[in-house]
Amino acid sequence: MANARYESAKEIYAKYGIDTEAAIAKLSDIRISMHCWQADDVKGFEGTGELSGGIQTTGNYPGGARNPDELFADLDKALSLIPGTHKINVHANYAIAEDGEVVDRDTIEPRHFKRWVEFAKKHNCGLDFNPTFFSHPKANGLTLSSPDDEIRNFWIRHGIACVKISEYFAKETGYPCVMNIWTGDGTKDIPGDRLGPRQRYADSIDQILACGYDKSQVYVTVESKVFGIGVEAYTVGSAEFSLAYALTRGITPLMDNGHYHPTEVVSDKIPALLVFSDKIALHITRPIRWDSDHVVAYDDETREMMKEVVRCDALDRVFLATDYFDASINRVAALVIGMRNVQKAILNALLTPNAEIKGYQDAGDFTKMLLLQEEIKTLPMGDVWMEFCERNGVCGCSCWFDEIEKYEAEVLSKRA
């Protein structure tokens, strides 16, 4: 029955000039970077305690990963329920030290991430990386923008160490590594100096980049933010700063669609940046009123972002990654739901007659453009999605959740 429905959908889309086979093939080649920190509420393996840096995880659903073995098991289960082959996005606070070894963030080395490489190779995954400029005794307020040279130099050393680890990831996995720089630097109330911290921040990143690395294998990105908890009044790494820095240094700008004012949409920013930057990166989340990091939904903005990536013919120019953390629901299910929704949004974009819509726009026929945009909304994309999942050996409907319930009963529920 499912195959018959796909054949029918294939014929329907063909009437609009859309090749569903080509869409499925292209979607199969797209790697999305799945963030590891959803599985354990961004705690990592250092035992440093509560989050800092303007971010917060809410909820107390049982079964969060407590150690590397549990985290890898959860990621393994999530990947088994997501069609295709992807990447894993790792934060520096997920370093795995030997028993009794004391390692601070400025002294982490590739060997502390050997198990991540082993996991990636097992799943034919690439690895992306993030320095962790939060949840640390030296991350109380300012890090790379700190006026205290000792603190600032500590974090510069951390950034350089992370560049070396990123090169290690790329070399070992065979896939380029995106290394994203984001800090929660800022002030709770109106600052007396907005310029100085930004000058120091720029100088700090300059020093990190000056360590030397293979730019064909490591793509350093800089991520902006509007505000965070405890830094409501002033964020050093604002959108203007981060974009200007990336474009003047020849590195990759990264946009998180939760890091802008509520009336801004990243979907409109994607084609703007593609005019000037060879590559850009996205952290895909779902903000509700602010950067609340809800699980990615198959919602309007997720679809619009993926439409812009596809219609700009930029699937090979945009690094896609998920970024959210919800501790109020089953954490493994949250990973699967978000990743599959990004894939659905990409498929929706691939099944859109973009050339025809553009043609109507260029011809000034906005009536037909609107008509076509509305008509395609009710086409049977779900049947194509089911076919895509079936070909990738995973369930296309909600039956995949049976595996989650079984995993929760047999594994997650036993974690005290």
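This is a predicted model: local features need pLDDT of at least 70, side-chain atom pairs count only at pLDDT 80 or more; totals for chains, interfaces and linings use all residues.
Residues are numbered from 1 along each chain as its sequence is written, and side-chain values use heavy atoms, leaving out hydrogens and water.

On a 1 Å grid over the protein atoms alone, a cavity is a set of points where a 1.4 Å probe fits but cannot get out; a pocket is an open set with protein on both sides within 12 Å along at least five of seven lines, and lining residues have an atom within 4 Å of a point. A volume is the space filled by probe spheres set on the points, which are joined across faces, edges and corners.

Now for the largest pocket, with about 710 Å³ of space. Its lining has 22 residues, and Lys307, Arg311, Thr352, Ile357 and Gln373 lie nearest its centre.

Finally, look at helices α6 (residues 195-209) and α7 (residues 239-249), whose axes come within 12 Å and cross at roughly 35°. Axes are lines fitted to C-alpha atoms, for helices over the stretch in contact, with angles from 0 to 180 degrees between N-to-C directions. Helices are DSSP runs (H or I, at least four residues), numbered from the N terminus. Where do they touch? The contact (heavy atoms within 4.5 Å) includes Tyr201 and Ile205 of α6 and Phe241 and Tyr245 of α7.

Definitions and conventions. Helices (H or I, at least four residues) and strands (E, at least two) are DSSP runs, numbered from the N terminus.
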